[in-house]
Amino acid sequence: VAASPSPLSRAATWLTLAAITVLGASLLLRGIVVGRGPWGNMFEFTVAFATSMVAGYTFLARRYPIRSIGFLPLGVALGLLLYASSLPREISQLVPALQNPPLLTIHVGMAVLSYGIFATPFAAGVAYLVQGQRDRFAWLPSHKVLDEVAYRAVIIGFPIFATMIILGSWWASIAWSRYWGWDPKETAALVTWLTYAVYLHARNQRSWAGRPAALLLVVGFGMVLVTYSGSLWFSGLHAYSGL
């Protein structure tokens with residue numbers, strides 16, 4: 001039987017819900033002002049990514065006893081918000097290739113959503129590696145719970161991510177007259193998708209289940225962060241957008 005939440009745990013839960021409300025309201029207002037999805041530059045995308053991360057964890061925490069690993073996705077989200085505070089937040093005209101409000105809203109919105117969902121499997125993967133199959137620590141969820149929540153979350157996020165890639169290819173054909181060009185961000189997204197595809201296969205293979213699958217969750221979210229930030233380090237067609 002799960003222990004009753006402590007006063008500190010309840011306070012943290014309410015603070016998290018308040019954060020989701022404030023962040024969600026700010027994104028909604030920004031979207032109304034700009035007339036598109038509020039993720040057209042690096043500042044907007046980073047805030048939306050952090051919001052999705054917090055919302056995804058909160059959704060899963062209502063269904064699974066994983067509050068003790070919340071510091072991982074929420075900590076990453078806080079780091080992203082601190083980084084966003086250093087970015088230019090002015091509203092400016094997007095370059096012609098990005099002036100497609102429907103595709104910008106849907107394609108990048110799917111990226112935001114899937115990235116955020118993958119943060120909780122990352123936390124579960126890290127906790128699984130620490131916990132082990134013998135459940136070393138009583139304060140962590142059992143390895144079975146960690147495995148289950150990670151798998152369920154990836155099952156939700158994986159098709160959203162795949163659809164995002166397909167829509168991105170369609171948009172690339174409109175903006176740049178080609179579906180795929182091995183742009184650094186495109187390549188990173190493909191590697192990320194393949195990592196989670198391997199995880200879904202490995203998790204159901206006896207020899208790969210458990211620790212190897214958990215390692216893939218950590219690698220997968222590492223690739224999510226590379227995909228998010230790749231245009232900052234590598235030149236490419238996505239660099240001008242700040243995404």
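R203 and E148 form a salt bridge, with their closest N and O atoms 3.8 Å apart; a salt bridge here is a side-chain nitrogen of Lys or Arg within 4 Å of a carboxyl oxygen of Asp or Glu. The pair links distant parts of the chain, R203 in helix α6 and E148 in helix α5, 55 residues apart. The model is predicted: local features need pLDDT of at least 70, side-chain atom pairs count only at pLDDT 80 or more, and totals for chains, interfaces and linings use all residues. Residues are numbered from 1 along each chain as its sequence is written, and side-chain values use heavy atoms, with hydrogens and water left out. Helices are DSSP runs (H or I, at least four residues), numbered from the N terminus.

**Salt bridges**
- By the rule above, the count is 6 salt bridges.
- R203 also forms a salt bridge with D147, where the closest N and O atoms are 2.8 Å apart.
- Because R203 lies in helix α6 (residues 184-203) and D147 in helix α5, this pair ties together parts 56 residues apart in sequence.
- E148 and R152 meet in a salt bridge of 2.6 Å, N to O; these residues are 4 apart in helix α5, or about one helical turn.
- Shared partners join D147, E148, R152 and R203 into one network.

**Burial within the network**
- Buried means under 20% relative accessible area, exposed over 50%, and partly exposed in between (1.4 Å probe, protein chains only).
- R203 counts as buried at 17% relative accessibility.
- D147 is partly exposed at 23%, as are E148 at 25% and R152 at 41%.

**Aromatic pairs**
- The count is 12 aromatic pairs, taking rings of Phe, Tyr and Trp (its six-membered ring) with centres within 6.5 Å; planes under 30 degrees apart are stacked, over 60 edge-to-face, and the rest tilted.
- F45 and F49 form a tilted pair, 6.5 Å centre to centre with 50° between the planes.
- These two residues are 4 apart in helix α2, about one helical turn, and both F45 and F49 are buried.
- F118 and F161 form another tilted pair, at 6.0 Å centre to centre and 55° between the planes.
- F118 lies in helix α4 (residues 101-131) and F161 in helix α5 (residues 143-176), so this pair ties together parts 43 residues apart in sequence.
- F118 is buried at 1% relative accessibility, and F161 is buried with a relative accessible area of 1%.
- One aromatic cluster is formed by F45, F49, Y115, F118, F161, Y196 and Y228.
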